[in-house]
Amino acid sequence: MSGSLVIQTSFLGDVILTTPLIAELAKHGPVDVLVTPGGAAALANNPHIRTVIPYDKRGTYGSALGLWQTIKEIRSRRPYEAAYLAQGSFRSGLIAMMTGAKERIGFASSTGRVSYTKQIPYRPERHHAERLWWLAMSDCADPPSRDQIRPRLYPSDEERRRVDMLLRQSGGNDEPFVALAPGSAWGTKRWPYYPSLAKRLAEDFRIAVIGSEADSAIAAQIIDVLPPGCVINGVGLPLLASAELIGRAQAIVTNDSAPQHLASAMGTPTLTIFGPTVPAFGFGPIAERHAVAGHESLSCRPCHRHGPRSCPLGHWRCMRELTPEYISTLLTEVLNPPVPV
């Protein structure tokens, strides 16, 4: 069977949000996915994927020769009936065209659309997981259910054992905890008051700190203010082990960054703090229980699609004026939803 090729070489969160599209395509045949090495880690163990094809666009793809070698590798695997452009750059469109895929399907707004055989409207009012899901659907399809557009990740038995061990070493598997994810690749998207929030929450919960090795310094600021035995240090865990740890939390507080998408995939109640960005861009949390925090009265917000390196106006009020008290109140609502009458 020739199957389909999904091309997704964007940020980690985008890769996670592509899993509903992959699951939909898998209903009709095998699916291969071309993805960055970081994205490949997120897609490990996914039962809907035949082959994950790692793609280092910053290294291997830095030259025309490297690009051609990778295309030859893809062509040697098998012909594809269709390629789905979940990432819409001109280079991704060129890759899809040169693989020989009969159909190349992507968004009409993409820079690579000149190479597409079918262009799908990009609907900004929809969540991005749903936008991507529609790439596989006809115009007359019914709107998706929540379950159809919920992303999913698949931690392995080894990753579950690793989290079991971490929890045992941190005080026990059965004690409830709240996860905090203070990091972001974009500096202006990092809410500055996680240590203060952690001290408030530590009265009732243990605290799991989530992040990559790059977040170690930020995480240390949280860990340093908490009493011994209260902290579960999840910084530096492999990606799917982080997802497993998040999946066991009572809730997570996170910036507008990848951990909120990990939480959506694991069904963890989520509070996302938005500063320069807004959930209306289509990248907010979609766990069944979730809330968002943002400074709604600022006319300068949103100021950037992803989050600038520094505040264009120099005040960073979108984050500085979101107090720990406010975030704590919202988290209480996420943890204790009203009972339906």
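Mentor: A residue counts as buried when its relative accessible area is under 20%, as exposed when it is over 50%, and as partly exposed in between, using a 1.4 Å probe and protein chains only. The model is predicted, so local features need pLDDT of at least 70 and side-chain atom pairs count only at pLDDT 80 or more, while totals for chains, interfaces and linings use all residues. Residues are numbered from 1 along each chain as its sequence is written, and side-chain values use heavy atoms, with hydrogens and water left out.

The part to look at is the sheet that holds strand E7. Names of this kind come from DSSP runs numbered from the N terminus: helices are H or I with at least four residues, strands are E with at least two. This is an open sheet of six strands, ordered E9-E8-E7-E10-E11-E12, and the pairing is parallel. Its edge strands are E9 (231–235) and E12 (290–293), each of which pairs on one side only. From one strand to the next, the twist averages 15 degrees. Such angles run from 0 to 180 degrees between N-to-C directions, with axes fitted as lines to C-alpha atoms, for helices over the stretch in contact.

Start with E7, residues 177–181. Five of its five residues are buried, so the strand is largely enclosed by the rest of the structure. In a regular strand the side chains alternate between the two faces of the sheet. In E7, Phe-177, Ala-179 and Ala-181 point one way, while Val-178 and Leu-180 point the other way. Residues on both sides of E7 are buried.

Next come the partners of E7. Two strands are said to pair if DSSP finds at least two bridges between them. E7 is joined to E8 (residues 206–211) by four bridges, and the two run parallel. Across this pairing, Val-178 stands opposite Ile-207 of E8. E7 is also joined by four bridges to E10 (residues 251–255), again in parallel. Here Leu-180 has Val-253 of E10 as its bridge partner.

Contact here means heavy atoms within 4.5 Å. H9 covers residues 194–201, and together E7, H9 and E8 make a right-handed β-α-β unit. Right-handed means that, with the strands pointing away from the viewer, the path from the first strand over the helix to the second runs clockwise.

H12 lies across E7, E10 and E11 and runs at about 150 degrees to E10. Seven of its nine residues are buried, so H12 is largely enclosed by the rest of the structure. The buried ones are Pro-259, Gln-260, His-261, Leu-262, Ala-263, Ser-264 and Ala-265. They pack against H1, E7, H11 (239–247), E10 and E11. After H12 comes Gly-267, whose phi is positive, near 75 degrees.

Rings of Phe, Tyr and Trp (its six-membered ring) pair if their centres lie within 6.5 Å; planes under 30 degrees apart count as stacked, over 60 as edge-to-face and the rest as tilted. By this rule there are five aromatic pairs. One of them is Phe-11 with Trp-186, an edge-to-face pair at 6.2 Å centre to centre, with 70 degrees between the planes. This pair links distant parts of the chain, 175 residues apart: Phe-11 is in the loop between E1 and H1 (12–17), and Trp-186 is in the loop between E7 and H9. Phe-11 has a relative accessibility of 41%, so it counts as partly exposed. Trp-186, with a relative accessible area of 18%, is buried. Another edge-to-face pair is formed by Trp-191 and Tyr-193, at 5.6 Å centre to centre and 90 degrees between the planes. Trp-191 is buried because its relative accessibility is 3%, whereas Tyr-193, at 26%, is partly exposed. Trp-191 and Tyr-193 form one aromatic cluster with Tyr-194.
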